[in-house]
Amino acid sequence: MQRQCVVQRPNDPYIYLFVMGEWYCYNPKDEPLGSGAMGTVYVGYRCKNGEKIAVKRVKDCFANSKMIRDRAKQEASLAFRHQNLVEMIGYCEYALDNGPVFILSKFVSGMQIDEYVKMHLEGATDKVEKICNVIYPVLDALDYVHSRGVVHRDIKPSNIMIENESNIRLMDLGIARMNGGNKFSAFGFIGTPQYSAPEQISRDKNSSVQINASTDIYELGITFYELLTGKNPFDAPTEMGTLTKQMKESLPNDDKIPRKLMQVIWKATEKDQSKRYQTALEFKTAIKQAMLPPLSTSAKVQDWVDSHIGICIGSVAALIVFIGLLIFIF
């Protein structure tokens, strides 16, 4: 007989969840940690020692959808171990094809990165540099998941947490796409409109454009821009208005962003995905190069000499020969 995985006892506010051989619990009447397109997240606890965990309850309106249940199982199965990703615990369901669905993960204590920037970095002389330092570990996390055939598809400020004001963690792989096909895409648009790449929005099945690593790079480019400027340029009163902007408009220039870095962000957010950076590490390298201090005049001269060493040697040799000829003639 199969053990019941979801239990609620009389006169007990907690719901108990049996996942991967252990019991966990949470109180559905507690204030949620947050809510997204797919579910609501609560603080939960490991029953044997009281350790905090995160419990995502998939929204009940989706609980009987096979597509959503499969997606929840996929998220819970992403057993990644990386310092910049949230570690998953597992999946629990009331029944095999109906009722509540729960996804359990390790608890991350911290704040969303946009809140952190507003609270701690506004007005700072090194704001741009510090925001770049936040983006680097996100790119490391993306490099990790991309190398394992996964595309996140929902990079945005609320999915980037700063833990204990130091470590960065990329959250919520709930709509991630596994390489080799996405069985969910036929059911409509998936993602957050203000950050989504054009290929997430287009429904042209005959197009050669695919959702891949460059999709996450586009989304992170928009997120990066928003953290630096404090605004999302594609936000509109309606979802259709936002999606139209995403398809047709480029990021506007902003004086808050150094010119070289703005050029990097423009490349990351090209509408044509073939023109973007193709890997997270390529994007990271470009940001670092853009943030290097400008060369001094002497350094520029030395850099030119180093890159034209052959010409310089040839010129010196020619000058020596020319001087020798003048001496010989006269």
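This is a predicted model: local features need pLDDT of at least 70, side-chain atom pairs count only at pLDDT 80 or more; totals for chains, interfaces and linings use all residues.
Local features are taken at pLDDT of at least 70 and side-chain atom pairs only at pLDDT 80 or more, while totals for chains, interfaces and linings use all residues. Residues are numbered from 1 along each chain as its sequence is written, and side-chain values use heavy atoms, with hydrogens and water left out.

The chain comprises 10 helices and 13 strands, taken as DSSP runs (H or I of at least four residues for helices, E of at least two for strands) and numbered from the N terminus. Of its 330 residues, 45% are buried, that is, under 20% relative accessible area with a 1.4 Å probe, protein chains only.

Helix H2 packs with helix H3 at an angle of about 155°, their axes being 12 Å apart, where axes are lines fitted to C-alpha atoms over the stretch in contact and angles run from 0 to 180 degrees between N-to-C directions. H2 is therefore roughly antiparallel to H3, a term for angles over 145 degrees. The residues that make this contact (heavy atoms within 4.5 Å) are tabulated here.

| Helix | Residues | Contact residues |
|---|---|---|
| H2 | 113-121 | Ile 113, Val 117, Leu 121 |
| H3 | 127-147 | Lys 127, Lys 130, Ile 131, Val 134 |

Helix H8 (residues 280-290) has as its buried residues Ala 280, Phe 283, Lys 284, Ala 286, Ile 287 and Ala 290. Seen down the axis of H8, these fall within an arc of 160°, so they line one face of the helix, the arc being that of the directions from the axis to the C-beta atoms. The cover over these buried residues includes H3, helix H5 (213-229) and helix H7 (259-268).

How values were computed. Angles under 35 degrees count as roughly parallel, over 145 as roughly antiparallel, 65 to 115 as roughly perpendicular and the rest as oblique. Buried means under 20% relative accessible area, exposed over 50%, partly exposed in between (1.4 Å probe, protein chains only).
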